[in-house]
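Me: Could you take a close look at the charged side chains that pair with one another, and say where they sit in the fold? Please set them in context, and give the cut-offs behind each term you use.

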Amino acid sequence: MKKGKRFISALLGNTLLFGAILQCGFAAAADGGEVKMVFAETYAVPTNGNKTWWRDGMVTGNGENAAILSGAPTDERIIYQHIMFNMPNDDLRDTPVLSSSLESVRQNLMQMTVPSTNWDMQYDYTFHPGHQLRIQVNNVSGAINGYRRATNYETAEVSVEYSDNNGLWKRNTFASREDNVVITHITRSSANSKVNITLSIDDISDMSQDRTINSALRYKRIVPSDGSYLAQIGHYPEYQNSELKNGGCDVRCQCRRQQNAPQLGRND
């Protein structure tokens, strides 16, 4: 399957999410009060076969959409997720009749023991990510210095900054509650160097995963002829007992230019 790519110069908008854990420092308020920000000055480079690199990421979300940001300063990954992205299975989800066992179950709960029943175990659907967007910087000049990735607890904004010979570069990402989208804002450097990046959606098989992706999941990536967006759509397996047997997911990355920014190109 061909990887969809495009070049952009400035503003990237998207519609997705997920969750993460992180190891980092803390920046408290000037008055010694609540922690306002966490930050990391090191990073893990994403590699195939390494299932833990994304755990260095930082997360932004609005309760429905979210994203994890991780990776190297010039080769970043954004994993998108949505609360409705649930992979179905073929288990029946019938509520068992508890009336005859209610008292014994109460005792089990009080004693923190597992009830002895003949019920079949009921499994929930499993969450799955939307897509993994890769941001590759093409105009790196010299050594990378001053890297910092931070999460602002007051604005729920994840920021990335670093410097090279082209100046100081910054990217900011947040999940809008009002518009229900995840936005990444990319600007020119402090020395007015233009943004020169390649956006692509990684193959699902390249994503970090704790379990094998269901082979019956069908998906494809889309880039229209005008290069206005990247998208990945998926169709869930058609399990007999699943109410989601005709369901799927649709993730779109919409790119927009700031005023007076150069035209965008497309490269498949």
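Reply: The protein chain has one helix and 18 strands, where helices (H or I, at least four residues) and strands (E, at least two) are DSSP runs numbered from the N terminus. This is a predicted model, in which local features need pLDDT of at least 70 and side-chain atom pairs count only at pLDDT 80 or more, while totals for chains, interfaces and linings use all residues. Residues are numbered from 1 along each chain as its sequence is written, and side-chain values use heavy atoms, with hydrogens and water left out.

Of the 268 residues in the protein chain, 40% are buried; buried means under 20% relative accessible area, exposed over 50%, and partly exposed in between, with a 1.4 Å probe and protein chains only. Counting contacts (heavy atoms within 4.5 Å) between residues at least 6 apart in sequence, 65% join residues at least 24 apart.

Now to the charged pairs: side chains of opposite charge can pair when their charged atoms come close. Eight salt bridges are found in a search of the whole structure, each being a side-chain nitrogen of Lys or Arg within 4 Å of a carboxyl oxygen of Asp or Glu. In one of them, Asp 75 meets Arg 77 with an N to O distance of 2.8 Å, and Arg 77 is buried at a relative accessible area of 5%. Arg 171 pairs with Glu 76, the closest N and O atoms being 3.1 Å apart. That pair links distant parts of the chain, with Arg 171 in strand S13 (residues 167-176) and Glu 76 in strand S7, 95 residues apart; both Arg 171 and Glu 76 are buried.

A further salt bridge joins Asp 202 to Arg 134, again with the closest N and O atoms 3.1 Å apart. Asp 202 lies in the loop between S15 and S16, whereas Arg 134 belongs to strand S10 (residues 132-137), so the pair ties together parts that are 68 residues apart in sequence. Asp 202 counts as buried at 1% relative accessibility, and Arg 134 counts as buried at 14%. Through salt bridges that share partners, Asp 75, Arg 77, Arg 134 and Asp 202 are joined into one network.

The loop between strand S15 (197-201) and strand S16 (218-222) also holds Met 207, which is buried with a relative accessible area of 8%. Leaving aside neighbours within four places in sequence, Met 207 is in contact with Ile 79, Pro 129, His 131 and Gln 132. Met 207 and Pro 129 are 78 residues apart in sequence, yet 9.3 Å apart in space, C-alpha to C-alpha.

A charge is also placed over an aromatic ring: the charged end of Arg 148 sits over the ring of Phe 39, 3.8 Å from its centre, under the criterion that NZ of Lys or CZ of Arg is within 6 Å of the ring centre and within 35 degrees of the ring normal.
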